[in-house]
Amino acid sequence: MSLQEKYKQLIDAATTSGMNVREQDNVLYINGEATNGATKDNLWNIYGQIDPDFRASDVVMDVNVNDTMAGSKVKVNTDKTNLNIRKGPGTDQPIVGKAAKDEMVTLISKTNDQWWLVRTDAGEEGYAYAEYLES
Amino acid sequence: MKLTRILASLILALTLFFVSCGPKDNDIKASVENLIQKENNMTGITATVNDGVVTLSGECENEADKAKCTELAQSVKGVKSVTNNCTVMAMPVQVSPDDALRQGVMDATKDHPGVSATVNGGVVTLTGNISRNKLPMLMQSINGLQPKQVLNQLTIK
C-alpha cells in the first residue's frame, strides 16, 4: 500500500488545515502552522489511529501552533514538576529560575520551535522548553 | 518549367495560408509566455496555442503560482480556453544538520529518562523504554526538530 493510501485520512486532514504535505524517499513530510492547538491534536490523533506505536518510520510531522504572540501569557503544563527556566536555549544551559505547574508566565519571544524566552511574575527571565507551554 | 511554376505558386499559397492563420496563435503564445515570465520565479513555462486554445506546460513552484499562470493566460486577448498541464515542483524537504538534531534530541529526551536517541545523517533512532501515555509527546518533540526520519525502536510499556 502506498503512503498516499495508508495515510489518506491524515493527508486529507492536513491539507484541509493548510499544511504542506510532501513525499520524499518513502517518507511523508507534513509541516505547517496550525491556527490552534486543537488542529495539531487532531492531526496527531489521526496519525496515532493509523500507526498507534508511531513505529512505521514513514512520517515526519511538524505542526506548530501559532496562537501565542509575544507579550501574551502562557501556562506551564508540565506533568507535576516545575519547569526549568534556563540562561540559554538548551538543556545544557544553567537553570536561572523555575515556574510551577499551571503558573502563568509571559512569553517574550519564540527563539525557535523548541525554546521560548519567558518571564515569570517574580521577574525571572530565561528560556523554557516550548512543549511545556500552552496558550 | 510548368511544374516549377506550379510548385512556386503552391509554396506561395501555403506560405500565405500559414501567414494568415499562424501569427495569431503565435502572437498569443508570445503574449502568454511574456506575461508569465514577468512574474517572479515563473520562467520556463511554455505555451502551445492551437486556434486560441492554450496549453501550458513547465514547472511551477507551488499551486498558487500554477493557478496564477492559468489566470494570466486567460487574460490574454484571443485566448479561448486554457489547459494548465504545469507540474508543481517538489521542494526538497528541509532536514536539520546532525549537530542541531543532537542538541534537539538531548533536550527532547531529558524528561524521558528511559529513552536514548542517536542521530546519523538526519535520522533519529530512539531506543529504550517509554510509557504509552508519554510516547505522543516525545514523538511530537522529535518530529519538530526537522529530522529526515524517526526510527522508533522504543519498547512501549
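These legends describe close-up views of a predicted model. Local features need pLDDT of at least 70 and side-chain atom pairs count only at pLDDT 80 or more, whereas totals for chains, interfaces and linings use all residues. Residues are numbered from 1 along each chain as its sequence is written, and chains are lettered from A and ligands numbered from 1 in the order in which they are written.

**View 1. The contact between chain A and chain B.** Chain B supplies 22 residues and chain A 19 residues (in contact: C-beta atoms, placed from the backbone, within 7 Å). On the chain B side, helix 3 (98-109), helix 4 (135-143) and strand 8 (149-152) each give two or more residues. Helices (H or I, at least four residues) and strands (E, at least two) are DSSP runs, numbered from the N terminus. Helix 4 of chain B gives the most, with seven residues. By class, this side has 11 nonpolar, nine polar and two charged residues. Nonpolar means Ala, Val, Leu, Ile, Met, Phe, Trp, Tyr, Cys and Pro; charged means Asp, Glu, Lys and Arg; the others, Gly among them, are polar.

**View 2. An open sheet in chain A.** Three strands run in the order 1-2-3, with mixed pairing (at least two DSSP bridges between two strands). Strand 1 (20-24) and strand 3 (59-65) of chain A are the edges; each has a single partner strand, so one side of each lacks a neighbour in the sheet. The twist averages 10° from one strand to the next.

**View 3. Strands 2 and 3 of chain A, with helix 3 of chain A.** Strand 2 (residues 27-34) and strand 3 of chain A pair in the parallel sense over seven bridges. Asn31(A) stands opposite Asp62(A) in strand 3 of chain A. Helix 3 (residues 37-50) of chain A lies across both strands, at about 165° to strand 3 of chain A. Axes are lines fitted to C-alpha atoms, for helices over the stretch in contact; angles run from 0 to 180 degrees between N-to-C directions.

Technical notes:
Two residues are in contact if their C-beta atoms, placed from the backbone, lie within 7 Å.
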